[in-house]
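Keep the viewer open and follow along as each part comes up.

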Amino acid sequence: MRGRPAWMWILLVIAAVGAVPAVMTDPFFLRLFTEALMWIGLAITWDVMAGYTGYLNFGHGVFFGVGAYTAALLIIRAGMPFGLAAALGGLVAGVVALVSGWPTLRLRGAYFAIGTWALNRAVGQLALVLEITGGPDGMRLPPFLRPQFFAWVMLAVVGATFLALWLLLEQAPFGLKLKAIREDESGSLAIGLNPARLKLQAFVLSAVPAGIIGGVYAYWITFIDPSSTLGDLITDQAVVMAIFGGLGTLIGPVIGAIVFFAFKTYFWAYLSDYQVLYLIILGLAIAATVFFLPDGFWGAVTNRLEGRRALRKGLSLGEAAGT
Amino acid sequence: MAEPVLRLEDVSMAFGGLMAVQDVSFDVAPGEIVGLIGPNGAGKTTVFNTVSGYYRPTRGRISFLGRDVTGRPPYALAAMGIGRTFQIVKPFAGLSVLENVLVASYLRYPRQAEARQKAWEVLKFIGLGERAHLPAAGLTVAGRKRLEMGKALALEPRLLLLDEVVAGLNPTEADQTVRLILRIRDAGVTILIVEHIMRVIMTISTRLIVLNFGQMIAQGRPEAVAQDRQVIEAYLGEDAGGAGGVCA
Amino acid sequence: MLALLPQAIVDGVLLGGIYLTVAMGFSLAYGVLHVIDFAVGEWIMLGAFAGLAFTEWTHLDPLLSLPAIFVVFAAVGWMLQPLLQRVLSGSRGRPVLMALVFTFGLALAIRGSALTIFGIFTHSLNTALSQGSWHVSRGSFFLTVPFIRLAGLVYALAVIAVLNYLLKRTDFGLAVRAVAQHKEAAGLMGVDIRRTSAAVYGLYVGTSAMTGVFIGAIVSLNASMGPDLSLFAFFVVVLAGMGYLAGAPWAAFLLGLIQSFFLIYFNPSYVLLALFTILYLILLISPTGMFRRGV
């Protein structure tokens with residue numbers, strides 16, 4: 001693309017989005033705005049492992065929950081300021097990724113899916129039984145009810161995450177190396193890649209932002225408990241959003257998150273009596289997307305575009321992609 | 001002989017009770033093209049796998065450029081200068097042809113711009129420049145084999161292990177590949193090549209090593225090896241022991 | 001404390017028997033289809049609810065529903081497997097990963113449906129055997145074995161015997177083992193891969209559902225019990241070594257013992273944590289299972 005580099009466009013978009021909370025100050029809208037951003041963050045971080053590296057993390061929510069609980073504990077028990085607490089939430093999530101990833105990433109994808117899924121359930125169980133985390137009653141944080149503030153904080157965190165992931169996965173060699181591992185881990189050894197190390201780096205990269213987002217969530221909602229932060233639903237929704245949007249890209253999960261969040265909001269507004277119906281829809285959405293749209297929405301779009309461009313120019317597919 | 005690029009000393013590889021390779025020792029001198037031949041199951045790919053770090057030999061020592069590299073992982077060996085292709089080609093199917101070579105280029109050129117330049121050079125060298133943006137999965141067998149070689153070449157190896165890069169190609173493609181191999185040799189790369197197509201390996205190898213049932217049964221110039229009785233028996237069976245030679 | 005030991009051991013063994021039936025079906029399905037079915041716990045759960053529904057409609061003992069439940073669920077599995085197969089043979093994306101996601105989504109949909117239809121409450125399956133128990137008391141040694149748990153063990157042994165016979169002594173079993181080892185070769189030798197795979201999946205779903213009836217009777221049932229049961233199935237199979245059927249009994253009984261020990265001696269809520277820790281240690285030390293024979 002001629003003109004300004006991609007990262008400037010990204011910053012521009014973030015700035016443009018940042019103007020919205022200044023103008024639209026209705027608290028309900030700002031809440032939706034903040035939550036939509038939160039889901040974008042969770043979806044793109046899930047995609048780091050699933051789409052780029054080819055490893056399914058069915059317990060991704062554990063990073064979010066660990067971040068939330070860490071921040072909550074630090075704010076309540078240690079009187080730490082919010083920003084620092086959220087940052088440490090991300091750090092602890094990163095450590096969890098490091099420690100849990102080291103044994104499980106050496107194995108095949110199925111074991112990794114099981115291991116991460118089990119980790120999420122185990123940590124959820126831990127939060128339920130420990131006194132310090134408040135058990136099933138959860139924890140209440142000191143209220144700081146400023147919708148605009150949280151809208152901007154979430155935008156800053158998720159925006160920075162997107163930018164960082166863009167630079168690391170789309171611009172820097174790191175992303176392509178991960179994809180090579182995804183395509184053929186054994187073959188990637190022969191060209192000088194160390195998959196164990198790269199996968200662990202990717203895993204930590206996916207965990208830290210999710211942890212920070214969790215920390216922000218805790219202070220924003222002022223209440224956390226095991227089911228809301230360490231339950232299945234966090235992971236389940238992130239999975240739907242990323243898969244529906246399109247794995248292996250950053251734009252795909254963003255689109256998937258926005259679309260699905262819009263659907264979810266509409267659903268809760270009109271069908272909140274049928275809460276468990278939501279689970280069914282989630283599950284069917286995942287299964288149906290895998291079945292009918294394996295490349296996701298964005299993947300289908302880019303496939304179409306490449307085909308059209310080739311037809312228009314009368315070129316072969318390969319040559320068209322290069323122009 | 002100048003210091004050998006590669007030296008195997010009593011290398012053995014056992015899988016459970018099966019000795020795939022037994023007490024194999026040989027040198028590869030700089031600039032040589034050494035052919036590794038033998039009937040199916042003789043252990044040729046196993047030797048490759050030990051030299052490229054995919055297997056750790058049960059016994060023995062492997063030295064590369066004078067350094068002991070026994071048991072080092074493949075990525076370490078790639079960094080030291082060993083490149084290889086795979087008998088069953090392993091392109092990164094979801095990536096483009098260019099991206100396949102680009103990932104390999106990062107080893108020597110960690111920066112994006114230089115790596116890209118290197119990748120384009122390699123693509124032109126192997127003749128895949130026009131198909132750079134095609135998905136690797138869309139290449140023909142010949143294209144894939146050349147891409148394999150390209151990925152290994154991007155590592156700027158001192159030693160290149162070629163595993164059946166000519167098998168499955170039609171005569172024209174095979175000739176092109178042979179010319180490519182010779183160009184690689186001329187560029188200063190030492191080559192160890194496994195190949196079943198006798199015509200090819202006889203003409204380009206400076207030296208042949210023959211394996212049978214995991215053991216070395218002959219070593220030397222192609223003409224001499226072709227007349228070796230043990231080699232003939234290994235390929236054609238004991239009845240053919242008196243016949244001419246392994247056909248070239 | 002020591003007096004409780006025999007009880008803990010017996011309970012553990014009996015529980016382990018139940019888990020073994022789940023693990024065997026699951027491991028079999030994995031060996032043939034090469035996909036981890038994240039919905040394994042949901043099939044068990046559905047079977048339990050099917051038993052409950054059977055009892056409420058017919059007022060008969062839930063154990064009598066076993067044959068019907070097997071047939072119905074085996075049919076469901078048989079019909080579902082081609083869908084799974086289509087995902088697995090997809091040309092785009094990474095099929096094995098996508099199949100995992102597919103079963104993950106399926107599990108979620110099943111759980112949501114169960115919650116919708118059956119609500120959030122916990123039920124219990126009452127059978128003719130639920131009340132009685134075999135009681136031994138000699139000095140400080142005592143043992144109580146509820147009949148229903150004993151029945152569970154009998155069921156488990158029967159299932160294992162039948163599966164064993166099927167696999168080792170019938171043509172169908174031969175086909176299954178061929179497909180598990182080398183699909184293409186099996187196909188070339190005249191094995192109908194599609195039908196064999198569908199049959200195996202049906203067998204696995206049917207068996208899991210039957211096991212659900214026993215779990216519902218021995219423990220309890222609720223619409224959210226699926227994930228924990230899936231975790232148990234994963235635990236047994238990973239511990240035994242994926243695809244290594246002979247290791248499953250040891251792992252299943254170990255799981256049963258761990259659970260019963262926690263129930264009797266420690267805090268039951270820590271069971272999941274203990275299982276998880278052991279799972280992780282196994283993956284750390286010996287990813288191919290405790291016998292190092294896994295895949």
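Start where chains A and C meet: 37 residues of chain C are in contact with 36 residues of chain A. Two residues are in contact here if their C-beta atoms, placed from the backbone, lie within 7 Å. On the side of chain C that touches chain A, the elements giving two or more residues are α4 (95–118), α9 (226–240) and α11 (271–285) of chain C. The largest share of that side, 17 residues, comes from α4(C). Helices (H or I, at least four residues) and strands (E, at least two) are DSSP runs, numbered from the N terminus. By class, the side of chain C that touches chain A divides into 27 nonpolar, 7 polar and 3 charged residues. For these classes, Ala, Val, Leu, Ile, Met, Phe, Trp, Tyr, Cys and Pro count as nonpolar, Asp, Glu, Lys and Arg as charged, and the others, Gly among them, as polar.

A word on what you are looking at: this is a predicted model, in which local features need pLDDT of at least 70 and side-chain atom pairs count only at pLDDT 80 or more, while totals for chains, interfaces and linings use all residues. Residues are numbered from 1 along each chain as its sequence is written, and chains are lettered from A and ligands numbered from 1 in the order in which they are written. The model scores ipTM 0.91 and pTM 0.91. In chain C, the pLDDT (the predictor's confidence in each residue, from 0 to 100) averages 87, and 99% of the residues score at least 70. Confidence in chain C is lowest in strand β1 (residues 133–138), at a mean of 81, and highest in helix α2 (residues 40–58), at 94.

How do the chains pair up? No contact joins chain B and chain C, although their closest C-alpha atoms lie 8 Å apart.

A:Arg106 sits in the loop between α4 (82–104) and α5 (109–129) of chain A. With its neighbours within four places in sequence left aside, A:Arg106 is in contact with A:Ala196 and C:Pro287. Its C-alpha atom is 9.4 Å from that of A:Leu200, 94 residues apart along the chain. A:Arg106 has 16 other C-beta atoms within 10 Å, so it is partly exposed. The scale behind that term calls a residue buried if 20 or more other C-beta atoms lie within 10 Å of its own, exposed if 12 or fewer, and partly exposed in between, with C-beta atoms placed from the backbone.

Now turn to chain B, which has 9 helices and 10 strands. Buried residues make up 48% of its 248 residues. Its C-alpha atoms fill a box of roughly 60 × 40 × 35 Å along the principal axes. Among contacts in chain B between residues at least 6 apart in sequence, 62% join residues at least 24 apart.

Chain B is divided into domain 1 (1–32 + 44–80), domain 2 (81–197) and domain 3 (207–248), with bounds that come from an automatic or database domain assignment. The C-alpha centres of domain 1 and domain 2 of chain B lie 22 Å apart. Across their boundary, 17 residues of domain 1 of chain B are in contact with 14 residues of domain 2 of chain B. On the domain 1 side, α1 (44–51) and α2 (74–80) of chain B each supply at least two residues. By class, that side has 12 nonpolar, 3 polar and 2 charged residues.

Is α1(B) enclosed or open? 8 of the 8 residues of α1(B) are buried, so this helix is largely enclosed by the rest of the structure. Among them are B:Lys44, B:Phe48 and B:Val51. Just after α1(B), B:Gly53 takes a positive phi of about 90°.

Finish in α9 (residues 229–236) of chain B, where the buried residues are B:Val231, B:Ile232 and B:Ala234. They cover an arc of only 160° around the axis, which puts them on the same side of α9(B); the arc is that of the directions from the helix axis to the C-beta atoms. The buried residues of α9(B) pack against β9 (207–212), β10 (215–220) and α8 (222–227) of chain B.
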